[in-house]
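Q: Could you walk me through one part of this model in detail? I would enjoy a guided look at a single annotated region and what it is built from.

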Amino acid sequence: MAQVKGLNLTANFDVFVSLSCHNCPDVVQALNLIAINNPGTTATMIDGAFFQDEVEERKILAVPMVFQNGEHIGQGRMTLEEIVAKLDSGAAAKDAEKLNAKDAFDVLVIGGGPAGATSAVYAARKGIRTGIISERFGGQVMDTMDIENFISVQKTQGPKFGSDMEAHVREYGVDIMNLQKVKNIVGADQTANGLVEVELENGAKLESKTVILSTGARWREMNVPGEKEYKTRGVAYCPHCDGPLFKGKKVAVIGGGNSGVEAAIDLAGIVEHVTLIEFDTKLRADQVLQDKLNSLPNTTVILNALSTEVIGDGSIVTGLKYKDRTTEELHTIELAGIFVQIGLLPNTDFLKETAVALSNRNEIVVNDRNETNVKGVFAAGDCTTVSYKQIIIAAGEGAKASLSAFDYIIRSGQ
């Protein structure tokens with residue numbers, strides 16, 4: 001709150017939303033809070049589904065979309081901390097100064113998803129000094145709509161699940177350091193004091209007896225011409241958030257697994273027509289989902305097809321090119337939106353220049369005790385070689401990693 005009030009800001013914010021977007025409420029409330037505490041600043045929420053003319057004029061095809069004094073400053077899920085960091089030019093330097101002053105941790109967790117949160121709780125319950133570094137707490141869970149397979153919780157939604165995780169971690173006095181990105185890691189056997197060293201992108205350095213890597217995964221991209229150029233301008237990754245902006249239009253879904261077929265089913269109730277494109281010769285989704293998709297009158301499924309290019313007019317998406325893998329023939333579909341649902345990539349790019357061993361899929365290689373090949377460094381969750389990327393599995397792996405880290409501290413006599 002002190003940082004919000006210290007902005008001394010005079011500005012007009014517009015945030016475009018859709019009512020089915022689970023990321024939008026937090027952004028709206030954050031802007032409201034900034035406006036309330038900065039006299040002369042306003043925040044206006046605009047429902048894109050009701051103001052189609054303005055949406056088309058501003059070329060808005062993803063929500064939440066934020067403008068400051070008419071200039072685009074961000075889109076997608078953003079916490080109050082992230083928005084304030086954008087508005088406060090000196091935030092990074094102040095953060096680095098605070099972080100450099102911290103004492104060494106016993107367990108330092110990198111990543112705030114289910115694996116990281118569980119690791120932090122299990123470590124803190126041992127009464128040892130625990131910290132957690134996260135770009136955004138909750139991770140991929142915050143982009144998930146319905147969760148119905150976490151045992152004892154019959155149904156919840158991703159943002160609530162993520163919020164409950166953070167509250168649970170805070171209950172144990174864990175030092176949570178949000179909006180931080182790791183640049184480099186040096187193992188305990190490579191440092192003079194036998195501690196693992198973690199360097200952040202803002203220049204700060206932290207030390208810990210052990211580190212648990214739980215950086216999770218992100219949506220896999222198609223990596224075809226036009227995808228990056230038209231991201232948020234017709235290329236989307238969240239049907240729940242951005243689907244309403246394509247009301248009455250034609251769209252495509254890329255991917256025939258559960259995520260892709262679920263997205264096609266959801267979108268079919270909003271848009272004029274959905275074309276689902278799958279690389280394989282058959283859909284991989286559960287049969288119940290395939291049956292539902294096939295029962296819908298405004299859906300088409302194209303199998304054995306390779307997406308080759310996103311087409312646009314310079315401002316928004318106008319179509320998609322794909323190749324029939326049997327005949328090698330190229331086809332073009334005219335449409336307004338493309339929803340990519342083709343799996344996940346581990347968030348391990350920052351480890352490629354370190355000593356931490358990665359698999360050919362860039363997953364962190366771990367043993368049955370969640371140990372990596374680097375002394376004092378453990379790993380858990382979707383960023384590792386452990387099979388099946390599920391919330392409940394990530395949480396269990398986080399607990400294992402934390403218990404292994406505690407055992408390492410005891411046995412090493414640190």
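Which residues does UniProt list for "domain: FAD/NAD(P)-binding", and what do we find there?

A: Happy to. The model is predicted, so local features need pLDDT of at least 70 and side-chain atom pairs count only at pLDDT 80 or more, while totals for chains, interfaces and linings use all residues. Residues are numbered from 1 along each chain as its sequence is written, and side-chain values use heavy atoms, without hydrogens or water.

An unreviewed UniProt entry lists residues 105-398 for this domain; its positions are in the numbering used here, feature names are shortened, and annotations may be inferred rather than shown by experiment. Over that stretch the chain is 19% helix and 30% strand, with the end C-alpha atoms 18 Å apart. Helices (H or I, at least four residues) and strands (E, at least two) are DSSP runs numbered from the N terminus.

Let's start with an open sheet of 3 strands, in the order β18-β19-β20 and with antiparallel pairing; two strands pair if DSSP finds at least two bridges between them. At its edges are β18 (305-312) and β20 (330-334), each pairing on one side only. From one strand to the next, the twist averages 25 degrees (axes are lines fitted to C-alpha atoms, and angles run from 0 to 180 degrees between N-to-C directions). Strand β19 (residues 317-324) meets β20 over 5 antiparallel bridges, and Gly 319 has Glu 334 of β20 as its bridge partner.

Next comes β21 (residues 337-340), which is covered on both faces: Gly 337 and Phe 339 are buried on one side, Ile 338 and Val 340 on the other. Buried means under 20% relative accessible area, exposed over 50%, partly exposed in between (1.4 Å probe, protein chains only). Strand β14 (residues 235-236) runs parallel to β21 over 2 bridges, where Val 235 stands opposite Ile 338. Strand β15 (residues 250-254) is also parallel to β21, joined by 4 bridges, and there Ala 252 has Ile 338 as its bridge partner.

Finally, the packing. The largest nonpolar core has 53 residues, and Ile 185, Val 198 and Leu 213 touch the most other members; such a core is a set of buried Ala, Val, Leu, Ile, Met, Phe, Trp, Tyr and Cys residues joined through side-chain atoms within 4.5 Å. Leaving aside neighbours within four places in sequence, Ile 185 is in contact (heavy atoms within 4.5 Å) with residues including Ile 110, Val 198, Leu 213, Phe 350 and Val 377.
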